[in-house]
Amino acid sequence: MRVADITSRAHPLWLAYILHRMSGLGLALFLPFHFWILSLALTDSARLDGFLAFAEIGAVKLAEFGLVFLLAVHMFGGLRLMALEWLPWTPPQKTLAAGATAVSFLIATLFLMQAV
Amino acid sequence: MATKTLKVSIDRGASDPDIFDVPAHDNQTVLDVVSWVQQNTDPTLSYRFACRVGMCGSCAMMVNGVPRWTCRTHVSKVVRDGAVSIAPLRNLPVVKDLVVDMDPFFDKWVGAEGVHHGTLTRDDPIATVDETSPARVEANAGIECINCSVCYAACDTVAGNPDYLGPAALQRAWTLLNDAKDEGRLAILDAISGTGGCHNCHSMGSCTTYCPNELDPMSAIAGLKRETAKSFFRRGR
């Protein structure tokens, strides 16, 4: 019996890895559906209108937040991975880059909130 | 101090682990606990150790699901509700109890060209090494590996792909690639860019997280990925 290999994964680097993988899988499942809905504009516009009305429901809007979240974490996960493997940065440089990303994200959010 | 006991469960390959009550002390390593069991309760318990000071790399085991060098792991750091679970290292065949067969680990070390590729003879003058050159700094970062196989046990890619060379062997290849005395660049690049090579690594980082000597095999493998890519675009140089 191997008791063993669960807790050995609970660290930030592995969690970042699995978040990137899972968000990618989620997006891969979503994309065909997304293109199919877009294709309805050409093939069956009445059905598309029906879907757009359905998309106005609160629960569906909430699910769209999930999609935006998946897109965001997958994009940042990909940028992180490329930086990790292609830029031989020192730990202080990595901290600086992460800090700069966090600050720019904060400023962007503030602007967005003002715009809303 | 009142006599306290630890509940130590040791995975010996049966469906349930063996449970032992071991006297607890203020200063006690996981290796001390295993040795106590073998010396006082069950002399048939097999395990491996040599130096007891974190240099030889022979006593690594899974402790509460985490690969660790047991001689430098204090029980107080890992104990949970008075209990510790100990199992043989993951990703290697078990010989008996806590002893694993290290052959696959060392075979991959050689498979990654983790051997010296010298060109000089004893009659040549000793090659000078510039300790401050970027390549030497890069090589120095990885040379304190004690071959304990903790990174190999921590790696999920090793678990999923038996051909994968693993973090320790690839880190060794990276140190040799940056070593001014080593002339095996082409052989190393060839060995580590193949089927089980560096491009299997998913940068999960368990190797770097759990390396007891605080080395960074994940970054070393990233270095190999860059070198193989550069070599590809320069057509094999």
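Me: Which helix of chain A does Phe33(A) lie in?
Reply: Phe33(A) lies in helix α1, residues 12-43 of chain A. Bear in mind that this is a predicted model.

Me: Why does Phe33(A) count as exposed?
Reply: Count the neighbours: Phe33(A) has 9 C-beta neighbours inside 10 Å. The label "exposed" applies at 12 or fewer, so with 9 Phe33(A) counts as exposed. As for where Phe33(A) sits relative to Trp86(A), their C-alpha atoms are separated by 33 Å, and the two residues are 53 apart along the chain.

Me: How do you know that chain A is more spread out than a compact globule?
Reply: For 116 residues the rule gives 13 Å, while chain A has 20 Å, well over that, so chain A is more spread out than a compact globule. The make-up of chain A is four helices and zero strands, running α-α-α-α from the N terminus on. Along the principal axes, the C-alpha atoms of chain A fill a box of roughly 55 × 50 × 25 Å. Buried residues make up 6% of chain A.

Me: What is chain B made of, and what share of its residues count as buried?
Reply: Chain B comes to ten helices and seven strands. Of its 237 residues, 43% count as buried, which takes 20 or more other C-beta atoms within 10 Å for each of them. The box filled by the C-alpha atoms of chain B is roughly 65 × 40 × 25 Å. Among contacts in chain B between residues at least 6 apart in sequence, 64% join residues at least 24 apart.

Me: How do you know that α7(B) and α8(B) are roughly antiparallel?
Reply: Look at the crossing angle. The axes of helix α7 (residues 167-177) and helix α8 (residues 185-192) of chain B come within 10 Å and cross at roughly 155°. Over 145 counts as roughly antiparallel, and α7(B) and α8(B) are therefore roughly antiparallel to each other. The side chains in this contact include Leu170(B) and Leu176(B) from α7(B), with Ile188(B) and Ile192(B) among those from α8(B). By class, the contact has seven nonpolar, no polar and one charged residues.

Me: What makes phi of Asn91(B) worth a look?
Reply: Its phi is near 70°, a positive value in a residue other than glycine. Most residues other than glycine have a negative phi. Ser203(B) is another non-glycine with a positive phi, about 50°. Asn91(B) is found in the loop between β5 and β6 (94-96) of chain B, and Ser203(B) in the loop between α8 and α9 of chain B.

Me: Why do Asn91(B) and Ser203(B) count as buried?
Reply: The cut-off is 20 or more. Asn91(B) has 22 C-beta neighbours inside 10 Å, so Asn91(B) counts as buried. Ser203(B) has 21 other C-beta atoms within 10 Å, so Ser203(B) is buried too.

Me: How many residues of chain B are in contact with chain A?
Reply: On the chain B side there are 25 residues in contact with 18 residues of chain A. Elements that each supply at least two of the chain B residues include β5 (83-87) and α10 (217-233). By class, that side of chain B has nine nonpolar, eleven polar and five charged residues.

Note on methods
Residues numbered from 1 in each chain as written. Chains lettered and ligands numbered in written order. Predicted model: local features only at pLDDT ≥ 70, side-chain atom pairs only at ≥ 80, totals over all residues. Contact = placed C-beta atoms within 7 Å. Nonpolar A, V, L, I, M, F, W, Y, C, P; charged D, E, K, R; others polar. Rg over C-alpha atoms; globule rule 2.2 N^0.38 Å. Axes fitted to C-alpha atoms, helices over the stretch in contact; angles between N-to-C directions. Parallel < 35°, antiparallel > 145°, perpendicular 65-115°, else oblique.
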